[in-house]
Amino acid sequence: MSRWSVIGDGVTGLCVATLLAERGHTVEVITSPQHAAASHLAGGMLAPWCEGESAPAEVVELGQRSAPWWSARVKGVAHQGTLVVAPPRDAPELTRFSRMTHAHQWVEPDSLEPALEGRFARGLFFAGEAHLDPRSALLQLRAALQLGGVPFHQDKPGGTVIDCRGIHAAPDQPALRAVRGEMLILQSHDVAFSRPIRLLHPRFPCYLVPRAEGRFMLGATMVESHDSSPVSARAMMELLSAAYAIHPALAEARVLESGSGLRPAWRNNVPAIHHRNGVWSVNGMYRHGFLLAPVMAEKLMQQLMQENLI
Ligand SMILES: Cc1cc2nc3c(=O)[nH]c(=O)nc-3n(C[C@H](O)[C@H](O)[C@H](O)COP(=O)(O)OP(=O)(O)OC[C@H]3O[C@@H](n4cnc5c(N)ncnc54)[C@H](O)[C@@H]3O)c2cc1C
């Protein structure tokens, strides 16, 4: 029988299971194909300093540990930084963004991304940031766990439960709220970028994250809603017009996929660990699951050690 039962195979559950397995503990992962994972919709940006525009200092500080964590465990983490640009009429947005954030430098965007030649006079470069392909990263964590003998199944948990169900835990955790995020996967062989490009806009900020084979993740809306229905026409139009503002060649891109995911969030938008009635839970990753799940999993290990449970 497994000592620990991690419920949920999103980024939180897989990071927790990985650290338990690395420490030699018996762990199982309980999965549910009926419950969608927000993790599959994520952009995969590991961008602590950019997030500092709206996130508390704690997120910026803790998030700096995530890129090394991922690099040590999965292939394909790109340490290329993030480029932030704004259309000429929204240039004051760039200045505002620069004041709200740290660890950046002013650059001519086309010096980093030749495809942007002549499009933006200046931009902000966050050299220390990274990105990954979330689906590939999760598959790699899962494969490593399975190779180490960790079972994945849909039966009842046999050990002490660590609840990593994301927004699906809301019925048991009423303070958990959903923040809907809509995204598209585009494919274009006419334009290439090496790093995430964030486009500032007073109403529709968006980002484009490059993936393999000319694919890009284009995201994302932020809507306070539990509605997990397909992407709205409005969101699609806004996202696509933002992509067009980054580069007109993207008008010819193919839309391979559209999706909407529910980010699980507490009131302060900072993740937390709870222990109630014998059940541990790690939740509230908000828009920072890939950025903060590794750190939250490490914090959980410390807490379990302090309580002599591992
Ligand atoms: C459009 C979009 C873009 C994003 N971009 C980024 C980004 O660039 N960087 C970043 O760091 N974060 C990003 N995020 C946020 C990130 O995706 C979330 O914070 C993260 O996915 C939350 O992970 P989780 O594992 O807690 O929840 P989820 O990914 O939702 O996983 C929950 C898991 O629990 C399982 N489950 C639920 N109920 C049960 C049950 N009863 N039994 C068994 N299993 C169950 C589900 O099947 C699922 O696998 C983005 C989110 C969205 C929507």
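## Ligand shell

In the counts that follow, Ala, Val, Leu, Ile, Met, Phe, Trp, Tyr, Cys and Pro are taken as nonpolar, Asp, Glu, Lys and Arg as charged, and the others, Gly among them, as polar. With these classes, the residues of the shell around the ligand in this predicted model divide into 17 nonpolar, 18 polar and four charged. The shell comprises 39 residues, and the closest to the ligand are Gly8, Gly10, Gly166, Gly181 and Gly289.

Which elements each supply at least two residues of the shell around the ligand? They are α1 (11–22), β10 (177–187), β15 (254–265) and α9. Residues come to the shell both from domain 1 (1–78 + 130–174 + 267–310) and from domain 2 (82–127 + 177–265), and the ligand therefore lies between the two domains.

## Two domains

The division of the chain assigns residues 1–78, 130–174 and 267–310 to domain 1, while domain 2 takes residues 82–127 and 177–265. Taken over C-alpha atoms, the centres of domain 1 and domain 2 are separated by 26 Å. Across the boundary, 21 residues of domain 1 are in contact with 28 residues of domain 2. On the side of domain 1 that touches domain 2, the residues divide into 10 nonpolar, eight polar and three charged.

## The six-stranded sheet

Six strands form an open sheet with mixed pairing, and their order is β8-β2-β1-β9-β17-β16. Its edge strands are β8 (152–153) and β16 (272–276), each of which pairs on one side only. Helix α9 (residues 289–306) packs on this sheet, where the helix touches β16 and β17 (279–283), and the direction of α9 makes about 40° with that of β16.

Within the sheet, strand β1 (residues 4–7) and strand β9 (residues 160–163) run parallel and are joined by four bridges. Trp4 has Thr160 of β9 as its bridge partner, and Ile7 is bridged to Asp163, again in β9. Strand β9 also runs parallel to β17, and two bridges join this pair; here the bridge partner of Ile162 is Trp280 of β17.

## Packing of α1 and α7

How do the axes of α1 and helix α7 (residues 134–147) lie, and at roughly what angle do they cross? The two axes come within 10 Å and cross at roughly 35°, and the crossing of α1 and α7 is left-handed. From α1 the contact draws on Val11, Leu14, Ala17, Thr18 and Ala21, and from α7 on Leu138, Leu141, Arg142 and Leu145. By class, the residues of this contact of α1 with α7 divide into seven nonpolar, one polar and one charged.

## Backbone details in two loops

Where in the chain is the cis peptide bond that joins Gly219 to its partner, and what is its omega? The bond in question joins Gly219 and Ala220, with omega about -20°. Ala220 has its place in the loop between β13 (215–219) and β14 (223–224).

Ala103 lies in the loop between α5 (91–100) and β5 (105–107).

How values were computed: Residues are numbered from 1 along each chain as its sequence is written. This is a predicted model: local features need pLDDT of at least 70, side-chain atom pairs count only at pLDDT 80 or more; totals for chains, interfaces and linings use all residues. Two strands pair if DSSP finds at least two bridges between them. Two residues are in contact if their C-beta atoms, placed from the backbone, lie within 7 Å. Axes are lines fitted to C-alpha atoms, for helices over the stretch in contact, and angles run from 0 to 180 degrees between N-to-C directions. Domain bounds come from an automatic or database domain assignment. A residue is near a molecule or strand if its C-beta atom, placed from the backbone, lies within 6 Å of it. A crossing is left-handed if the near helix is turned anticlockwise from the far one by less than a right angle, and right-handed if clockwise.
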